[in-house]
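Hi there,

Here is the structure I promised to pass on. Have a look at it first, and my notes follow below.

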Amino acid sequence: MTRATRRTIAALAAAAWMAVLTPMAPAVAHDGHERQWAPSATEAQSSLATLPAPQVLPGAKPQTTRVQIHGMAVGRQVLSRAGDETLADYAFSERGRGDQIRARWSLDARGLPLRYEAEGNDYWKVPLTERFERTEGAGAQASWKNRVEQGHRAWPEAGAFYLPANAPPEFTAVLARALLKAPGQRLALLPAGEATIAKGATIAAGGRRLTMYRISGIDFTPVPVWLDERLQTAAVVDDWFEVLEARDAALLPRLVAAQRDADQRWSADLARRLTHVPAGDLLIRHARLFDPRDGVAREDMRVLVRGGLILRVEPDDASPAPPDTEVLDAEGRFLMPGLWDVHQHFAGTDGVFDLIAGVTSARDMANDNLPLIERVRRFDAGTELGPRVVKAGIVEGVGPLAGPTDVRVETLDRARQAVDWYAERGYAQIKIYSSFKPELVRPIADLAHARGMRVSGHVPAFMRAQQFVEAGSDEIQHLNFIVLNFFPEVADTRGKDRYTVMAEKLLQLDLDSAPVTGFIAELRRRHTVLDPTVAILEGLYSGAPGEPPAALRGLVERFPPIVRRRLLSGAVAVPPGKEEAYRQALPRLLELIRRLHDGGVTLMPGTDAFAGYTLHRELALYVRAGIPNAEVLRLATLTPAEVLGVAGQRGVIAAGKQADMVLLDGDPLTDIAALGQVHRTIKAGRVFDPAQLEAAMGMTR
């Protein structure tokens with residue numbers, strides 16, 4: 001599974017590792033902290049039972065590693081070798097989704113692929129096949145074909161490494177070994193790009209030595225892989241996903257700690273180099289300043305910032321700047337409050353892409369809790385690049401389709417423990433997930449409200465949106481749950497049906513019917529908030545293999561080649577005969593968005609997808625739905641601050657507020673696409689140049 005797929009899982013909920021345990025027993029997470037909740041052995045066995053029997057090369061001795069997500073064994077990778085051929089049979093199951101890939105390959109003496117063949121399906125169960133082969137000798141050629149590309153070229157004399165579009169985790173280690181053999185530990189990649197490798201920490205245990213190697217050139221940040229003293233694969237681990245042998249499970253906290261230390265040093269160096277901290281006050285002059293309170297942009301304004309706070313906002317009278325003040329001349333550019341993204345799951349370089357896009361405030365809607373708390377502290381301290389973050393803590397039920405989190409709640413007592421744990425650590429909200437028991441929604445809502453916390457989430461399976469809000473939910477994540485409210489026959493929403501079935505049901509939904517108009521009125525009466533995530537739904541219904549998500553069109557081309565290739569499709573396969581339903585899905589969703597907004601339902605823009613840029617697409621879709629530009633800008637700035645209780649600190653550019661702003665080259669009041677023309681992002685008075693941040697991510701201009 002590619003890191004891109006693992007990030008898809010990351011966006012779905014929180015992550016933690018532990019051995020498979022008895023239900024609700026304390027556990028040690030992969031960060032070494034004690035966990036209060038744990039998935040059960042029954043759940044793990046249920047996931048594994050859905051996997052097909054692995055294939056093994058005849059006469060070969062198989063080597064099995066286990067695949068884990070959130071403390072639960074969800075799959076396996078079985079390697080077998082015979083002669084010069086390796087077979088990897090890799091599969092995992094997570095809520096009815098998950099990769100299943102059988103890949104065969106052979107390598108030359110330098111560890112470079114001679115042949116690679118794979119078949120199976122991706123995380124969304126879309127079928128895939130892939131083939132690479134090359135000839136040897138004079139005039140050698142390389143050719144490849146997969147579902148997003150095909151190509152051929154003369155084989156370079158210095159050699160190259162073909163990186164599959166969909167590969168089992170073992171192939172990361174195959175690349176690492178080839179890089180260690182290569183001159184200068186550097187290799188050209190096919191179809192494009194270049195990779196390098198650097199040695200990291202070594203861990204000794206039980207007579208073995210495991211060494212971390214970090215591969216650059218295949219993601220925005222170096223990708224770690226652990227090899228033993230014989231350079232055999234020991235573990236492939238990231239924030240959300242672990243592949244390792246059972247004998248090494250006890251070492252996982254140490255592996256993760258070493259990786260996090262390396263990642264944090266990399267992030268701190270990036271922040272040090274790319275954060276501009278004014279030596280004294282900061283004066284922004286000659287700005288066209290947008291105020292979301294009245295939707296008006298005022299010409300030739302100036303803003304004085306001191307110590308991360310706004311000291312004064314007033315017309316620019318051209319008087320000299322005070323002594324020891326740094327001047328940022330806006331030259332008539334559009335200055336507005338920093339943007340909000342209310343639906344993220346922070347990992348990797350998400351914080352960097354937020355600042356690139358002018359996002360200075362965000363809400364994390366479920367994560368690996370203790371690492372998230374630490375990450376937010378680094379964001380606030382400026383040792384890692386990222387926005388201010390409001391934290392929402394996930395609670396989930398149990399079962400084979402339960403989301404990937406260790407916070408499993410089956411009883412009122414466990415609900416109380418979860419709410420108290422989150423409240424004591426500064427979480428502002430509880431997020432309920434799809435397998436949560438409907439009968440526990442009202443009690444946990446009461447518990448959360450008693451601690452001053454908000455309640456939101458997915459509408460639990462076997463419950464409708466109307467029942468969810470009647471039980472006490474203040475907010476609903478994802479527009480599809482509003483649609484499914486009117487189709488009670490779609491009762492089990494734990495699997496991908498909550499996406500696929502909705503496309504078909506939209507054509508049947510009469511937006512002028514009494515049930516629809518009545519429910520919209522009820523949402524308004526209750527002041528229920530909606531976090532629609534329309535952009536991610538657009539990507540699911542409107543994408544196709546070989547095409548980037550709509551939110552990244554015009555941007556993917558600037559990404560590093562290997563990253564670009566991985567982002568070419570996240571679409572759900574269109575069932576035969578349902579093409580018209582899928583084609584009409586987005587227009588119908590946008591019409592529903594307009595009806596909700598016009599009906600007085602509060603919308604807050606969130607993405608649940610690629611950070612930063614996707615928010616611009618989300619807001620553009622609101623405009624396309626018929627919401628006026630000025631109102632969309634208010635929804636992206638002041639509205640989240642008001643709903644989430646921080647309007648006293650941010651959401652407008654005014655004296656006494658936090659100095660969180662974005663300076664644009666264009667005018668989003670006339671063209672919402674101007675949100676993508678960020679000249680500078682300012683967070684807590686610190687200034688960031690998006691062009692420099694993009695360059696640091698390997699992007700071209």
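**What turned up**

Leaving out neighbours within four places in sequence, Gly-98 is in contact (heavy atoms within 4.5 Å) with Phe-92, Asn-121, Asp-122, Tyr-123 and Lys-125. Before going on, a word on the basis: this is a predicted model, in which local features need pLDDT of at least 70 and side-chain atom pairs count only at pLDDT 80 or more, while totals for chains, interfaces and linings use all residues. Residues are numbered from 1 along each chain as its sequence is written, and side-chain values use heavy atoms, with hydrogens and water left out.

**Loops**

Back to Gly-98, which sits in the loop between β5 (85-92) and β6 (100-107). Helices (H or I, at least four residues) and strands (E, at least two) are DSSP runs, numbered from the N terminus. Gly-98 has 0% relative accessibility, so it counts as buried; buried means under 20% relative accessible area, exposed over 50%, and partly exposed in between, with a 1.4 Å probe and protein chains only. Lys-125 is 27 residues away along the chain, and its C-alpha is 6.9 Å from that of Gly-98.

Two residues other than glycine with positive phi may interest you. Phi of Glu-331 is near 55°, and this residue lies in the loop between β21 (325-329) and β22 (334-337). Phi of Ala-366 is near 150°, in the loop between β24 (359-364) and α6 (369-381). Which of them is buried and which is exposed? Glu-331 counts as exposed because its relative accessibility is 60%, whereas Ala-366 counts as buried because its value is 0%.

**Two residues with side-chain polar contacts**

A polar contact here is a pair of N or O atoms within 3.5 Å; within protein, one must be able to donate a hydrogen and the other to accept it, and residues adjacent in sequence count only if both atoms are side-chain atoms.

- Arg-565 belongs to helix α14 (residues 561-566). With 8% relative accessibility, Arg-565 counts as buried. Its side chain has a polar contact of 3.3 Å with the side chain of Tyr-162. Not counting residues up to four places away in sequence, Arg-565 also touches others, including Glu-130, Asn-146, Glu-149 and Pro-191. Pro-191 is itself worth a look: a cis peptide bond joins it to Leu-190, with omega about 10°, and it is placed in the loop between β12 (186-190) and β13 (194-205).
- His-458 is in the loop between β27 (454-457) and α9 (465-470). Its relative accessible area is 2%, so His-458 is buried. The side chains of His-458 and Ser-434 make a polar contact of 3.1 Å. Leaving aside neighbours within four places in sequence, the residues in contact with His-458 include Lys-431, Phe-468, His-478 and Arg-498.

**Two helices**

The expected span of a helix is 1.5 Å times one less than its number of residues. Helix α7 (residues 412-424) has 13 residues and reaches 18 Å from first C-alpha to last, close to the 18 Å expected. Its buried residues are Ala-415, Ala-418, Val-419, Trp-421, Tyr-422 and Ala-423. The elements covering them include α6, β25 (388-395), β26 (429-432) and α8 (441-450). Just after α7, Gly-426 has a positive phi of about 85°.

Helix α16 (residues 613-625) also has 13 residues; they should span 18 Å, and the end C-alpha atoms are 19 Å apart, which agrees. Among the buried residues of α16 are Tyr-613, His-616, Glu-618 and Tyr-622. Gly-626 follows α16, with a positive phi near 115°.

**The largest pocket**

A pocket is found on a 1 Å grid over the protein atoms alone: it is an open set of points where a 1.4 Å probe fits, with protein on both sides within 12 Å along at least five of seven lines, and lining residues have an atom within 4 Å of a point. Grid points are joined across faces, edges and corners, and the volume is the space filled by probe spheres set on the points.

The largest pocket has a volume of about 450 Å³. Its lining has 25 residues, and Leu-555, Tyr-613, His-616, Gly-676 and Gln-677 lie nearest the centre. Which element supplies the largest share of the lining? That is α16, with 4 residues. α16, β32 (678-683) and α19 (690-696) each give at least two. The lining divides into 13 nonpolar, 5 polar and 7 charged residues, where Ala, Val, Leu, Ile, Met, Phe, Trp, Tyr, Cys and Pro count as nonpolar, Asp, Glu, Lys and Arg as charged, and the others, Gly among them, as polar.

Best wishes
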